[in-house]
Amino acid sequence: MTYHRRNKNIINKKAVVVIVVLVVLFFFGPSVKSTIQWFSNPIISTKNAIVTPFKTSAEYFKFKQKLVDENENLKNENRRLEIENLTVESLKEENKSLREIVNFQENTSDLIVAKVISQPPFSPYDTFVLNLGKTEVFVSNKVYYSGVLIGEIEEVYGGTAVVRLYSSPEKTLFVNISGNETEATGLGGAGFILTLPKDIDISENETVFVGDSPIGRVDSIESDQSGAFQNIYFRYPFNINDVDFVQVSQQKN
Amino acid sequence: MLNRILFGIILIISAFIFQWWISFVLSIIGLFYFKHLYEVLAVGIIIDSLYGQGIQLPIFESFNFIFTLILLIALLLISKFKTKILI
């Protein structure tokens, strides 16, 4: 009978590698991250420059019927938005006059535009990588896309920054929906969940706010027949995979 | 040997330019195909460094390399699994 002896050298080698990697990451993690961010910026920018023209050419290969349907949907959407826009204009005027009456001081903060070089689905978490160039931003600065508050700067490196979206798993924030202030939790994949008593009437497509800034639209409502609460799922009102530029508040905290 | 070097280079570049799951799948395939493919740790470190931390560990809050830790565990488990199959 043949007995195989375990090779102790291999086990020791593996153990050494594991310990060295963990120790290096534990003590020098920020330096490692900073070096990789410095390397990544030109690599990802080059990849984006190469890939972007092919993204648009892939649209040519869509089926004709699908394009016709899409066109019809967009026309309908456009009609609806035109009507909605009329209401928005009158509300803007009303808002302006009300602000004049109460002598409202606008809280303006400088916003700078930053290019998104990497976003989900490239990122395993709900994070964006921004190319900032020489612009200075700070941790916790708010990040907006088309006026929608989407997240905060989490890490800043030389020329790049990582933005954590509010929809990151387990991230919580206070939102306002139909006049009710409540806590929403990120689910990942640009989705959120919040729980409200069943007797509060919430409809689909209702806008959810964080302070004055809109953050999302109600996607679906799930209510338990026997329970007293309803789960409300909402998402950002755009596809986070298509975000190419964002605005970053430059307020120093 | 040349295959291994080429695979290692592709693996590391993939972490920068492809979606995270492509690099993850490549890493797992590589772990089965090559012996002691420590390059997968580089993939984990790159992804964690690029996209920030996913979840915070309750014990070591300053340790932000969760993806690396997952790949490290995969490296150890797959090596052990391969050794058992060979015996």
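This is a predicted model: local features need pLDDT of at least 70, side-chain atom pairs count only at pLDDT 80 or more; totals for chains, interfaces and linings use all residues.
**View 1**

**View 2. Helix 3 of chain B.** Chain B has four helices and zero strands, in the pattern α-α-α-α along the sequence. Helix 3 of chain B has 12 of its 13 residues buried, so it is largely enclosed by the rest of the structure. Among the buried residues are B:Val43, B:Gly44, B:Ile45, B:Ile46 and B:Ile47, as well as B:Glu39 and B:Asp48. At 1.5 Å a residue, helix 3 of chain B should span 18 Å, and its end C-alpha atoms lie 19 Å apart, which agrees. Just after helix 3 of chain B comes B:Gly52, with a positive phi of about 80°. In chain B as a whole, 37% of the 87 residues count as buried. Of the contacts in chain B between residues at least 6 apart in sequence, 49% join residues at least 24 apart.

**View 3. The contact between chain A and chain B.** Here 30 residues of chain A are in contact with 24 residues of chain B. On the side of chain A that touches chain B, the elements giving two or more residues are helix 1 (8–58), strand 2, strand 4 (148–156) and strand 5 of chain A. Helix 1 of chain A gives the most to this side, with 15 residues. By class, the side of chain A that touches chain B holds 16 nonpolar, seven polar and seven charged residues.

**View 4. The six-stranded barrel of chain A.** Six strands of chain A close into a barrel in the order 1-2-5-4-3-12, with antiparallel pairing. From one strand to the next, the twist averages 45°. Strand 1 (residues 111–118) of chain A is joined to strand 12 (residues 245–249) of chain A by five bridges, and A:Val113 has A:Gln247 in strand 12 as its bridge partner. Strand 1 of chain A also pairs with strand 2 of chain A, in the antiparallel sense over three bridges. Strand 2 (residues 127–131) of chain A is joined in turn to strand 5 (residues 160–165) of chain A by five bridges, and the two run antiparallel. A:Thr127 stands opposite A:Arg164 in strand 5 of chain A.

**View 5. Surroundings of A:Leu149.** A:Leu149 is found in strand 4 of chain A. With 21 C-beta neighbours inside 10 Å, A:Leu149 counts as buried, because the cut-off for a buried residue is 20 or more. Its contacts, neighbours within four places in sequence left aside, are A:Lys142, A:Tyr144, A:Val210, A:Ser213 and A:Ile215. A:Leu149 and A:Leu25 are 124 residues apart in sequence, and their C-alpha atoms are 33 Å apart in space.

**View 6. Strands 8, 10 and 11 of chain A.** Strand 8 (residues 191–197) of chain A pairs with strand 11 (residues 229–235) of chain A in the antiparallel sense over seven bridges. Strand 10 (residues 213–223) of chain A pairs with strand 11 of chain A, also antiparallel, over six bridges. A:Phe234 in strand 11 is the bridge partner of A:Phe192 and of A:Val218. Strand 10 and strand 11 of chain A form a hairpin with five residues between them.

**View 7. Helix 2 of chain A.** Helix 2 (residues 64–101) of chain A has 38 residues and reaches 54 Å from its first C-alpha to its last, close to the 56 Å expected at 1.5 Å a residue. The number of buried residues in helix 2 of chain A is zero, so it lies largely in the open.

Notes. Residues are numbered from 1 along each chain as its sequence is written. Chains are lettered from A and ligands numbered from 1 in the order in which they are written. Two strands pair if DSSP finds at least two bridges between them. Axes are lines fitted to C-alpha atoms, for helices over the stretch in contact, and angles run from 0 to 180 degrees between N-to-C directions. Two residues are in contact if their C-beta atoms, placed from the backbone, lie within 7 Å. Ala, Val, Leu, Ile, Met, Phe, Trp, Tyr, Cys and Pro count as nonpolar, Asp, Glu, Lys and Arg as charged, and the others, Gly among them, as polar. The expected span of a helix is 1.5 Å times one less than its number of residues.
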